[in-house]
Number of protein chains: 2
Amino acid sequence: MFVKHGMNSQFTLLGSAKHCMLASSAVFRRQQFLIRTLGGYTDQNHLKRMQQTKAMSGTAFEADSENILRAITPNLDPSKHKGQAGKIAVIGGCREYTGAPYFAAISALKIGADLSHVFCTKDAASVIKSYSPELIVHPILEESYSIRDEDKPSISGKVLAEVNKWMERFDCLVVGPGLGRDPFLLDCVREIMKHARQSNVPIVIDGDGLFLVTDNLDLVSDYPLAVLTPNVNEYKRLVEKVLNCKVDDHDAHEQLLSLAKGIGSVTILRKEKSDLISDGETVKSVSIYGSPRRCGGQGDILSGRQFIYLYYSIFFFTCVAVFLSWARQRLSAAEGDLPISKINPTVLGCIAGSALMRKAASLAFQNKKRSTLTSDIIECLGKSLEDICPAI
Amino acid sequence: MFVKHGMNSQFTLLGSAKHCMLASSAVFRRQQFLIRTLGGYTDQNHLKRMQQTKAMSGTAFEADSENILRAITPNLDPSKHKGQAGKIAVIGGCREYTGAPYFAAISALKIGADLSHVFCTKDAASVIKSYSPELIVHPILEESYSIRDEDKPSISGKVLAEVNKWMERFDCLVVGPGLGRDPFLLDCVREIMKHARQSNVPIVIDGDGLFLVTDNLDLVSDYPLAVLTPNVNEYKRLVEKVLNCKVDDHDAHEQLLSLAKGIGSVTILRKEKSDLISDGETVKSVSIYGSPRRCGGQGDILSGRQFIYLYYSIFFFTCVAVFLSWARQRLSAAEGDLPISKINPTVLGCIAGSALMRKAASLAFQNKKRSTLTSDIIECLGKSLEDICPAI
């Protein structure tokens with residue numbers, strides 16, 4: 001079942017490949033006429049790109065992402081108290097990696113979450129703390145190199161007890177950024193994920209978290225509050241493991257649907273040129289801010305660098321985590337009265353997170369061009385959200 | 001053999017000292033006429049400076065550095081995935097020095113490389129990490145003070161194994177910034193360089209890396225992917241060691257050529273008022289952005305401070321490393337069809353790196369004058385590249 005959510009991008013593609021041929025369709029001709037009338041940009045390269053996007057996204061429908069983002073972003077209400085706009089916890093950060101968990105945690109705050117925690121190793125904690133005093137950093141995870149084998153069970157117990165103390169306060173857990181692949185650390189994270197699931201806390205999984213999950217699918221299978229956000233290689237591994245076949249870009253939406261179903265009720269956000277999202281029931285795509293029109297008319301394509309940050313960004317999933325938390329709050333408060341009420345909150349979170357991330361990357365690129373770094377995109381999150389959904 | 005590459009600086013000097021006398025040549029008179037016609041800046045001081053530059057660069061031809069930079073900088077292509085725009089590793093950073101490896105690594109990202117790693121000592125790692133979450137910092141090197149003699153062989157093995165795990169992913173290694181001179185650490189770096197060479201990974205060597213190489217010339221001799229970027233003193237040591245004579249500024253290009261040949265197929269970038277580059281076959285010079293015309297007519301000479309950063313900068317070689325990686329990619333993709341195909345990619349990397357560095361330093365100086373710091377120049381790298389080679 002594919003649900004159409006509307007259109008908000010001038011170049012967004014509509015319809016099924018089976019029912020309309022892009023270049024010859026009446027819709028396309030009408031679009032071309034409008035673009036010409038409005039002085040818009042169109043040429044053979046663009047047509048080619050549209051066809052490529054079409055091939056990539058198949059019959060999935062473009063989500064009305066800006067309206068979804070507006071619908072789930074909470075109003076600023078002085079009667080609310082600290083924490084009500086979202087408490088996010090990032091599980092990640094080890095001796096080797098400290099940037100990724102920092103980016104993940106700080107971007108939650110930049111979007112508007114109230115509190116952002118990081119659970120990481122002792123080595124990583126002081127560094128992550130030094131990046132920003134805004135974060136709450138818990139130096140509690142351990143890697144094999146720093147402990148003796150005989151101490152592992154007791155340390156594992158202590159780690160779990162410490163995280164569990166906080167668990168029910170969190171609106172969403174982000175597992176994976178800069179986690180590394182130390183076996184003892186991953187064992188502890190596995191237990192943390194089990195506990196999050198028991199407590200009904202949503203889990204967004206990326207990076208080394210996906211490495212862990214791909215080898216332990218039972219951690220997320222049949223858990224509707226789990227979201228996986230794989231990049232190209234992580235997606236490939238998942239498809240091979242679950243569907244026992246190769247990635248098929250010509251039937252991308254069907255394969256994504258099968259994968260989400262195959263794992264069992266999880267939501268997957270496939271980070272690509274057009275982001276594809278499926279919970280095993282529906283498939284949506286988000287392509288906005290990927291078009292030249294959206295890039296301030298400055299050129300024909302976005303940069304490779306921008307695309308890198310757009311699709312593999314190490315804080316993408318935090319945007320998803322925050323919006324997923326807000327979507328759950330919003331749906332629960334509205335009791336089924338909203339136009340978005342029929343959509344899975346995990347899918348809503350992915351759509352809104354994807355749209356915001358793409359806009360912020362686009363904005364950062366306009367300013368910094370090839371020099372665009374992750375920090376620059378994070379600095380654009382606030383303005384991007386404000387542009388789509390003004391605070392007042 | 002000297003190859004002429006064209007001209008792109010109004011004040012650039014052409015020709016061989018044997019064939020044309022600067023002040024009386026028809027070319028020079030024509031230049032003077034053009035400068036006067038265009039309202040350009042020229043006076044006795046400038047003439048003197050040109051003569052000094054001539055004496056410094058001898059018969060080397062000014063490289064067409066801006067066009068070379070444009071030719072090797074990759075197009076921004078959304079189909080590329082993370083890492084394809086370059087993965088650089090910096091080997092450096094010890095208890096004493098942390099700034100140099102940071103500047104080296106971050107400037108690679110600011111130019112547009114995708115990933116920048118630092119391999120340093122444990123003491124240095126947490127500090128370098130704390131400068132920026134954008135870098136991947138590996139705390140794996142060891143200095144003598146922190147280990148026992150009997151543990152050295154096993155620790156050395158571990159260090160090498162850890163670096164080797166990553167080696168083939170890197171497009172270029174930068175060896176030297178903030179490396180220090182601890183004998184055990186330098187022993188490990190020597191092994192790392194041997195492995196890089198076996199893996200055919202280009203190596204750009206500066207600072208304490210040059211100290212190591214000057215005493216161990218076999219590390220780079222007959223390795224065409226090695227680039228040395230000596231400053232005045234480092235150059236002096238190399239000349240004395242290899243050519244067994246003093247530095248001769250009146251025959252600078254011939255001496256540089258002999259030095260590069262003498263070491264065997266390496267490329268040397270001699271950082272001076274005009275940068276001189278040789279691979280033992282050709283000599284090129286890069287003088288742009290050092291002239292008052294290029295400095296917005298704000299003065300007659302650049303400041304001593306600027307010259308320091310211009311010519312001895314501790315991240316110069318990272319620019320070279322990134323452009324060298326891009327040049328190799330570009331040449332390999334084009335299969336000999338480009339105008340630059342006949343030039344050694346190490347020389348191309350040096351020319352482009354030198355030009356960008358000089359422009360960034362010039363731009364930073366315009367803004368900050370005497371206050372110009374290395375960080376200010378790094379902040380100008382993106383705009384400088386954008387000015388020469390727009391992203392879109």
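**Notes on packing and rings in this model**

1. Let's start with Ser107(A): this residue is buried, its relative accessible area being 0%. Keep in mind throughout that we're looking at a predicted model. Ser107(A) belongs to helix H4 of chain A. A polar atom of its side chain lies 3.0 Å from the backbone oxygen of Ala104(A). Setting aside neighbours within four places in sequence, Ser107(A) also makes contact with Phe315(A), Thr318(A), Ile378(A) and Leu381(A).

2. Now the nonpolar packing. In soluble globular proteins, nonpolar side chains tend to be buried together. Here the largest nonpolar core has 66 residues, and the members touching the most others are Leu69(A), Ile111(A) and Phe323(A). The biggest contribution to this core comes from helix H13 of chain A (residues 345-368), which supplies 12 residues. Another core, of 65 residues, lies apart from it; Leu109(B), Leu135(B), Val174(B) and Val322(B) are among its members.

3. Which residues does Leu69(A) touch, not counting those up to four places away in sequence? The list runs to Phe323(A), Ala352(A), Ala355(A), Leu356(A), Leu385(A), Ile388(A) and Cys389(A). Note that Phe323(A) turns up here as well as among the core members that touch the most others.

4. On to the rings: over all chains there are 8 aromatic pairs. One of them is Tyr102(A) with Tyr131(A), a tilted pair with 4.9 Å centre to centre and 55° between the planes. The two sit 29 residues apart and link distant parts of the chain, with Tyr102(A) in helix H4 (residues 99-111) and Tyr131(A) in helix H5 (residues 122-131), both of chain A. Both Tyr102(A) and Tyr131(A) are buried. Phe103(A) joins in too, as ring pairs link Tyr102(A), Phe103(A) and Tyr131(A) into a cluster.

5. Chain B has a pair worth a look as well. The planes of Phe119(B) and Phe170(B) are at 80° with ring centres 5.9 Å apart, so this one counts as edge-to-face, for which the angle must be over 60 degrees. Phe119(B) is in strand S3 (residues 115-121) of chain B, while Phe170(B) is in the loop between helix H6 (152-167) and strand S5 (172-175), 51 residues apart. Both are buried: Phe119(B) has a relative accessible area of 0%, and Phe170(B) has 5%.

6. Last, charges over rings. In chain A, Arg169(A) lies over the face of Trp166(A), 4.4 Å from the ring centre. In chain B, the charged end of Arg169(B) is placed over the ring of Trp166(B), at 4.4 Å from its centre.

Key: Residues are numbered from 1 along each chain as its sequence is written. Chains are lettered from A and ligands numbered from 1 in the order in which they are written. This is a predicted model: local features need pLDDT of at least 70, side-chain atom pairs count only at pLDDT 80 or more; totals for chains, interfaces and linings use all residues. Side-chain values use heavy atoms; hydrogens and water are left out. A nonpolar core is a set of buried Ala, Val, Leu, Ile, Met, Phe, Trp, Tyr and Cys residues joined through side-chain atoms within 4.5 Å. Buried means under 20% relative accessible area, exposed over 50%, partly exposed in between (1.4 Å probe, protein chains only). Helices (H or I, at least four residues) and strands (E, at least two) are DSSP runs, numbered from the N terminus. Contact means heavy atoms within 4.5 Å. Rings of Phe, Tyr and Trp (its six-membered ring) pair if their centres lie within 6.5 Å; planes under 30 degrees apart count as stacked, over 60 as edge-to-face and the rest as tilted. A charge sits over a ring if NZ of Lys or CZ of Arg is within 6 Å of the ring centre and within 35 degrees of the ring normal. A polar contact is a pair of N or O atoms within 3.5 Å; within protein, one must be able to donate a hydrogen and the other to accept it, and residues adjacent in sequence count only if both atoms are side-chain atoms.
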